Amino acid sequence: MWGRRRKQEPQNEPLNQPLNQPGVSSEPAVVPEPDVAAAAPKVDDRAAVPAPERAAEPVAEPVVEPAVVPEPTDAAVAARAVARDRAATGGARRRARLGAAVAAGTGVVLLAATAAIASGTVTDALVRPPATDLPVPAAAVPAGDYTAVCAAPPRLLEAAAEGADPQFSPASSTAKTSVAALVLSDLSATLTGSGLLPVGPGAPLSMIQDFAPETSLAADAPASSGADGLTSRIAGVARGVAVDAPTLFRAQPQGGLTPVAAATSTYTATDGDLRGLAATGCQVPSSDFWILGASTTVGASSILTLTNPTGTPATVTVELSGRDGRIDAAGSRGQLVAPGETRRIVLAGLAGNQDQVAVRVRSDGGRVTGVIQQSVLRGLTPGGIELLSPTAAAGVTQVVPGVVVQDAATARRVREQDGYGTAAPELQVLVPGSSDAVLDIKVYGPDGVVDLPGGGVGTAAAGSVMTVPLTDLPEGTYTIAVTSDVAVVASARVTRGIDAGKPVDFAGAPSAVRLGADHAVALAEGVDAALVLGAPSGRGEVTLTPVAADGALGDPVVIGIAGGTSVTVPASSLGRAPAGVIIDAAGDPVYGAQVMTLPGDRAGISVASVPAGSTGPQSIPVELGY
């Protein structure tokens with residue numbers, strides 16, 4: 001169309017073409033008659049202008065100017081002059097105009113594309129991927145062993161020669177540490193290989209079921225019934241296994257799944273500086289965890305114990321935080337823990353004279369477990385012993401079950417003694433990030449929410465540990481929920497004393513994970529144990545299935561928990577001396593802990609959160625590429 005219009009009007013050149021060119025008169029243009037214009041293209045010089053350029057040339061609208069119409073004899077001369085001028089200069093001008101037109105057109109396209117991208121209206125031709133979608137393949141992760149490390153028994157820190165490693169000795173003549181463990185069978189009542197082993201080399205301490213060859217563990221699916229077509233489950237139980245070093249509880253996978261298993265370590269002593277009760281659940285190794293509640297003030301001893309049960313060396317970084325923020329300590333990075341090794345770190349050497357120390361442990365290479373042996377000595381009077389365990393991962397919601405508050409009269413008599421000001425319950429909150437946290441703290445008891453002084457709303461500084469006193473709470477057992485606008489970590493300290501002038505014990509209650517299906521709890525031995533279950537936000541239903549010492553499963557007990565309450569279930573209510581409990585929860589979130597106390601007129605107390613439940617088959621995406 002562009003070329004057609006140019007052929008119809010070859011004489012109408014724009015008036016802005018160069019003047020005074022050879023062969024071009026400066027006089028007004030002469031417009032020939034139509035019959036003469038038809039003859040103009042016959043000039044031989046027309047070959048100087050390529051046909052494609054003429055076809056692509058933009059058409060200028062004709063401009064009507066006064067013109068002199070020549071005689072027919074002069075028309076041929078004028079036509080030849082115009083043709084010669086076009087042959088000399090027209091091609092260059094047309095190419096220049098064509099380039100400008102193309103550039104302008106390209107600019108318009110780019111501007112339009114930019115506007116489309118900015119407005120989100122990019123055409124499908126620009127952004128649509130190829131029609132063929134290639135799915136990312138997933139690789140099934142084979143189930144591994146259930147592996148948990150039971151902490152080393154508490155030991156008394158002895159003075160050492162200058163430059164020598166710290167020495168440890170047994171706490172007292174009556175101190176003893178035992179481990180209880182259980183593993184649940186499949187639906188055909190078949191137990192998997194399991195037992196208590198040393199962390200390093202050595203003979204097994206106690207076997208529940210002999211380990212099977214690794215090649216025989218592969219299975220397409222877990223057994224759904226026995227040979228008779230009936231379903232039945234039992235548990236393998238180990239009780240009263242005396243230990244004097246870190247211990248490994250191992251259970252092989254069964255039917256392609258990691259088994260439901262758990263173990264608990266219990267320490268008791270009635271004399272010596274480490275008098276009291278310290279019980280903790282055996283830990284699954286991890287590469288990142290938090291422990292709160294340590295203290296390095298005068299009379300307090302904090303020893304971080306790290307164990308590497310894997311076959312890979314672990315390089316550990318220890319990060320410390322206190323009331324005033326992060327604590328920079330020389331020697332806290334690059335701690336090497338070899339496979340099968342246990343390493344003890346005296347925290348006073350990294351952060352001395354701190355009444356609140358939060359510890360973060362991160363490991364490269366092998367995964368590790370960790371506890372803090374915390375003890376207090378007030379003059380010559382023992383002030384308690386505890387194995388502080390890791391909390392739940394940092395998050396905007398932290399729930400701490402198992403917070404025990406003594407009756408006000410006894411607690412007051414204990415605290416009013418000289419040097420016993422710290423023998424009081426309190427909540428500890430760490431803000432690990434770089435932003436301050438606005439906290440909303442709720443305390444839930446059997447009858448609902450219990451008010452805290454000040455309403456339970458406050459601000460915690462970034463990087464620091466904040467404490468909230470709980471001494472004004474009435475006597476009882478509670479679940480505390482902490483909600484924050486940034487991620488936090490939480491724990492609680494609880495105390496138990498008998499009277500003034502008598503020993504006092506304390507415990508650390510870490511935040512817990514939400515309960516789901518198949519949580520195993522091995523009940524501590526030689527103590528009065530109870531399960532504390534809290535439902536902060538809504539109604540939950542918990543099924544407790546007791547496990548007897550011979551492995552038989554008792555009748556399930558179903559407990560409904562109203563929203564915003566906390567209930568306490570004594571282990572004795574689940575049967576005669578149960579060895580463990582299988583916990584299943586449904587409904588709104590429920591959290592749980594095992595609270596242990598020494599029977600009779602003794603001050604021992606300890607708290608352990610319910611460990612995470614078993615997981616089903618897992619898979620990971622595998623992206624193939626260069």
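The following conversation works through the main features of this predicted model.

User: What kind of model is this, and how are residues numbered?
Analyst: This is a predicted model, in which local features need pLDDT of at least 70 and side-chain atom pairs count only at pLDDT 80 or more, while totals for chains, interfaces and linings use all residues. Residues are numbered from 1 along each chain as its sequence is written, and side-chain values use heavy atoms, with hydrogens and water left out.

User: What is the mean pLDDT of the chain?
Analyst: The mean is 81, and 71% of the residues reach 70 or more. The term pLDDT denotes the predictor's confidence in each residue, from 0 to 100.

User: Where is confidence lowest, and where is it highest?
Analyst: Confidence is lowest in helix α1 (residues 2-8), with a mean of 39, and highest in β22, at 98. Over residues 1-78, pLDDT stays under 50, and the model has 66 contacts beyond four places in sequence for them. A contact means heavy atoms within 4.5 Å. Residues 87-126 also have pLDDT under 50, with 22 such contacts.

User: How many helices and strands are there?
Analyst: The chain has 6 helices and 37 strands. Helices (H or I, at least four residues) and strands (E, at least two) are DSSP runs, numbered from the N terminus.

User: How much of the chain is buried?
Analyst: Of its 626 residues, 44% count as buried. Buried means under 20% relative accessible area, exposed over 50%, and partly exposed in between (1.4 Å probe, protein chains only).

User: Which residues touch the most other members of the largest nonpolar core?
Analyst: They are Val403, Leu427, Leu439, Ile441 and Ile480, in a core of 31 residues. The largest share of this core, 7 residues, comes from β27. A nonpolar core is a set of buried Ala, Val, Leu, Ile, Met, Phe, Trp, Tyr and Cys residues joined through side-chain atoms within 4.5 Å.

User: What does Ile441 touch?
Analyst: Leaving out residues up to four places away in sequence, the partners of Ile441 include Leu427, Leu452, Val468 and Ile480. There is also a second, separate core of 25 residues, which includes Leu523, Leu533, Val581 and Ile583.

User: Changing topic, which residues does the disulfide join?
Analyst: The disulfide joins Cys150 to Cys282, with an S to S distance of 2.0 Å. A disulfide is counted when two cysteine sulfur atoms lie within 2.5 Å.

User: Why is it called right-handed?
Analyst: The torsion about the S-S bond of Cys150 and Cys282 is about 100 degrees, so this disulfide is right-handed. Cys150 is in strand β2 (residues 146-150) and Cys282 in the loop between β11 (276-281) and β12 (288-294), so the pair ties together parts that are 132 residues apart in sequence. Cys150 and Cys282 are both buried.

User: How many aromatic pairs does the structure hold?
Analyst: It holds 1 aromatic pair. The ring centres of Tyr146 and Phe249 are 6.1 Å apart and the planes stand at 70 degrees, so the pair is edge-to-face. Rings of Phe, Tyr and Trp (its six-membered ring) pair if their centres lie within 6.5 Å; planes under 30 degrees apart count as stacked, over 60 as edge-to-face and the rest as tilted. Tyr146 and Phe249 are both buried.

User: Finally, is Ser464 buried or exposed?
Analyst: Ser464 counts as buried because its relative accessibility is 5%. Ser464 lies in the loop between β25 (457-460) and β26 (465-469).
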